Amino acid sequence: MAPFQVGFIGCGRPLRTDGATGFGMSHAHAQGYKASPDCVITALADISEENAKAFQETHGGERIYTDYHEMLKKEDLDIVSIATWPHLHAPMVIACAEAGVRAIHCEKPMATTYGDSKRMVEACDKHGVQLTFNHQRRFGKPYRKARELLREGAVGELVRLEGTCSNLYDWGTHWFDMMFFYNEETPVEWVIGQIDTRNHSTVFGVDLEGQGISQFKFTNGVMGLLMTGVGGPGLTNRIIGTHGTIELGYSQDVPLRMWGKGQSDWQVLAVDEGLHGKSLGDLVTLGVLDLVESLKYGREPELSGHRVLKATEVIFATYESSRRRARVDLPLDIDDSPLHALAEAGEVVFA
């Protein structure tokens, strides 16, 4: 079989290097394709030719374009990785799908509105394109060990999932996704939430709440809770069962611990990596290798767009609950970003 031809939209600069404006995730994606015997990086598109040339020197890629539309028109690409800011994701993903690309791997969060998030999935479904987003935590050993323990009944039946992080959107997309991961992709029935914009942050051009809370119920009765803008030991991820609790991220030295039935104290569980893997690119590489294998054998990838859309729906449903001042029953029937609509109406102020 001929190798998959891989193109990039957005090359960027590596993390903590001169000119870097983010985490340099395109470079982490590239590590994954280079680790696969089934892929070759052939084309690069970036509005900065300088960035594209620097990427080319490190990772390869025969041709450089400053317009991704031109690249899609001239190249016969099997896979395209998109590593740009969220407001650009929807038009880029849709353009790739319409151009006949077979698989698209995009950075998270999905998009700046729920409507754009849905449209990306719909476009890829329409054109038979495999769509994935970089929710790479699903490949981390502490998270997988936690789910294994839960499946084995180490803490009894699952009752509640909890987490804390800085915001519902950029970081929260990971924790919402992990809650679906722990709960076997069970759908969410309803969401109720609230936000406050004091001490807000702006991440990749998107204004976000300074503090928020999202409570939600899965259709199997399990409850979910995510708190943002606050933190503390033992709350990065918490899995609560009828007979005990599993915690992820108690500290840097204790990424995974459990208090099970009959225990008199926490049991620290051995895993040979932290919550981010051994390095930034490790878990991203595993996600890329999985999407390549999925494309080869026609199975659903771990990071599929349909799975990521579930987490994204909870994010925007939380904002919508704050707008309605009421519980929101799913499926979510909005197209915009309620948070930014509230700001445009002057009902919340980013200060």
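Analyst: Here come the labels, one by one. This is a predicted model, where local features need pLDDT of at least 70, side-chain atom pairs count only at pLDDT 80 or more, and totals for chains, interfaces and linings use all residues. Residues are numbered from 1 along each chain as its sequence is written, and side-chain values use heavy atoms, with hydrogens and water left out.

User: What makes Glu70 and Lys74 a salt bridge?

Analyst: Their closest N and O atoms are 2.7 Å apart, and a salt bridge needs a side-chain nitrogen of Lys or Arg within 4 Å of a carboxyl oxygen of Asp or Glu, so the pair qualifies. Both sit in helix H3, four residues apart, about one turn of the helix.

User: Why is Lys74 called exposed?

Analyst: Its relative accessible area is 56%, and exposed means over 50%, buried under 20%, partly exposed in between (1.4 Å probe, protein chains only). Glu70, at 31%, is therefore partly exposed.

User: Why does Glu320 count as buried?

Analyst: Because its relative accessibility is 5%, Glu320 falls in the buried class. Glu320 has a salt bridge with Arg323 (2.6 Å, N to O) and another with Arg324, again with closest N and O atoms 2.6 Å apart. Arg323, at 24%, is partly exposed, and so is Arg324 at 38%.

User: Which residue has a backbone nitrogen 2.8 Å from a polar side-chain atom of Asp78?

Analyst: That's Gln5. Asp78 itself is buried and has no salt bridge; Arg102, the nearest side chain of opposite charge, is 4.0 Å away.

Terms used: Lys and Arg count as positive and Asp and Glu as negative; His and the chain ends are not counted. A polar contact is a pair of N or O atoms within 3.5 Å; within protein, one must be able to donate a hydrogen and the other to accept it, and residues adjacent in sequence count only if both atoms are side-chain atoms. Helices (H or I, at least four residues) and strands (E, at least two) are DSSP runs, numbered from the N terminus.
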